[in-house]
Amino acid sequence: MQFFHTLKKPSIIPGFGLTLAFTLAYLAVIVILPLSGLFFKASALTLSEFWQTATSDRVMHAYKISFGLSFIAALINSFFGLIIAWILARYHFPFKKIVDAMVDLPFALPTAVAGIALTALYAPKGWIGQYLEPLGVKVAFTPLGILVALLFIGLPFIVRTVEPILQDADRELEEAALSLGATRWQTFRQVIFPSIVPALLTGFAMAFARGLGEYGSVIFIAGNIPQVSEIVPLFIVIKLEQYDYAGATAIACVMLVASFILLFIINWLQSWAGKNPAAA
């Protein structure tokens with residue numbers, strides 16, 4: 001009983017016990033049960049079968065494509081998303097509301113529509129692809145096309161996470177740094193940037209996680225060529241179409257565990273950056 005008393009914080013409005021019970025029950029039904037069922041289904045395989053399914057050459061290449069390109073896309077979006085968030089938070093310019101709405105477009109647009117649109121743009125005879133192909137740059141049906149799709153769907157996570165922090169930042173600290181002789185770059189690096197690192201890492205984690213699970217916007221532009229442009233979610237769908245449910249869940253379990261580990265590391269970095277802003 002003492003344990004629950006230590007968890008309970010003083011509050012004007014009562015309801016800790018009820019809200020905690022509702023939270024645990026809701027998470028159990030929505031999150032824990034489906035994930036438990038995933039591992040239960042994969043247990044139909046023996047250890048050797050599980051290992052063989054999850055580490056075949058074709059699956060390993062799909063892991064590299066999904067994890068590698070999701071990480072690169074989130075990294076690129078972190079840089080450009082920070083710039084966009086800075087512009088939207090700090091400046092007023094014509095058509096700002098339109099630009100602001102465009103950032104949210106990947107949220108509202110069905111992923112299949114996004115994939116078709118990107119393919120139409122970057123296909124060899126597309127509006128942009130027809131000019132890139134003579135230069136030897138092929139986007140559609142290559143890993144580069146997957147990267148473009150992941151950049152498209154991941155950008156809003158960075159912008160919408162960082163923008164509120166920039167809007168709420170204390171301008172007096174910036175003015176004090178400038179008055180003490182700091183350059184604009186020094187002010188940004190030593191005053192502004194440490195305060196937005198936790199939010200930037202949060203946006204990175206969200207964009208990375210979304211990229212790992214993205215399917216609709218990727219399959220059209222990827223071309224889905226085995227060991228060239230095949231992503232893990234597509235490979236899981238292929239297993240399901242072959243009625244290999246145990247094989248599909250085995251690959252899904254690997255993705256789930258790897259994603260948890262990577263997100264745990266990113267969240268730890270976020271917590272560390274929040275407690276050590278000077279080091280950031």
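Visitor: At what relative accessibility does Tyr245 stand, and what does Tyr245 count as?

Guide: Tyr245 counts as partly exposed because its relative accessibility is 39%, which falls between buried (under 20% relative accessible area) and exposed (over 50%), with a 1.4 Å probe and protein chains only. Before going on, note that this is a predicted model: local features need pLDDT of at least 70, side-chain atom pairs count only at pLDDT 80 or more, and totals for chains, interfaces and linings use all residues. Residues are numbered from 1 along each chain as its sequence is written, and side-chain values use heavy atoms, with hydrogens and water left out.

The chain as a whole is the background. There are 14 helices and 0 strands in its secondary structure; these are DSSP runs (H or I, at least four residues, for helices; E, at least two, for strands), numbered from the N terminus. The C-alpha trace spans about 70 × 65 × 30 Å along its principal axes. Of the 280 residues in the chain, 35% are buried.

Now the rings. The whole structure holds 10 aromatic pairs. One of them is Phe204 with Phe208, whose ring centres are 6.3 Å apart and whose planes are at 0°, so this pair is stacked. The rule covers rings of Phe, Tyr and Trp (its six-membered ring) with centres within 6.5 Å; planes under 30 degrees apart are stacked, over 60 edge-to-face, and the rest tilted. Both residues of this pair belong to helix α11 (residues 184-213), where they are 4 residues apart, about one turn of the helix. Phe204 has a relative accessibility of 9% and so counts as buried. Phe208 is buried as well, at 3%. The pair that includes Tyr245 has another arrangement: the rings of Tyr243 and Tyr245 have centres 6.3 Å apart and planes at 85°, so they are edge-to-face. Tyr243 counts as exposed because its relative accessibility is 64%.

Helix α11 also contains Ala205. Ala205 has a relative accessible area of 8%, so this residue is buried. From the C-alpha atom of Ala205 to that of Phe235 is 23 Å, and the two residues are 30 apart along the chain.

Some rings form a group. Trp86, Trp185, Phe188 and Phe193 make up one aromatic cluster. Over the ring of Trp86 sits the charged end of Arg90, 4.6 Å from the ring centre; this requires CZ of Arg, or NZ of Lys, within 6 Å of the centre and within 35 degrees of the ring normal.

Trp86, Arg90, Trp185 and Phe188 are among the residues that line the largest pocket; the lining also includes Tyr91, Glu174 and Leu178. A pocket is an open set of points on a 1 Å grid over the protein atoms alone where a 1.4 Å probe fits, with protein on both sides within 12 Å along at least five of seven lines; lining residues have an atom within 4 Å of a point. The elements that give two or more residues to this lining are α4 (57-90), α10 (171-179) and α11. Helix α11 supplies the largest share, 5 residues. So the helix that carries the stacked pair Phe204 and Phe208 also contributes to the pocket lining.
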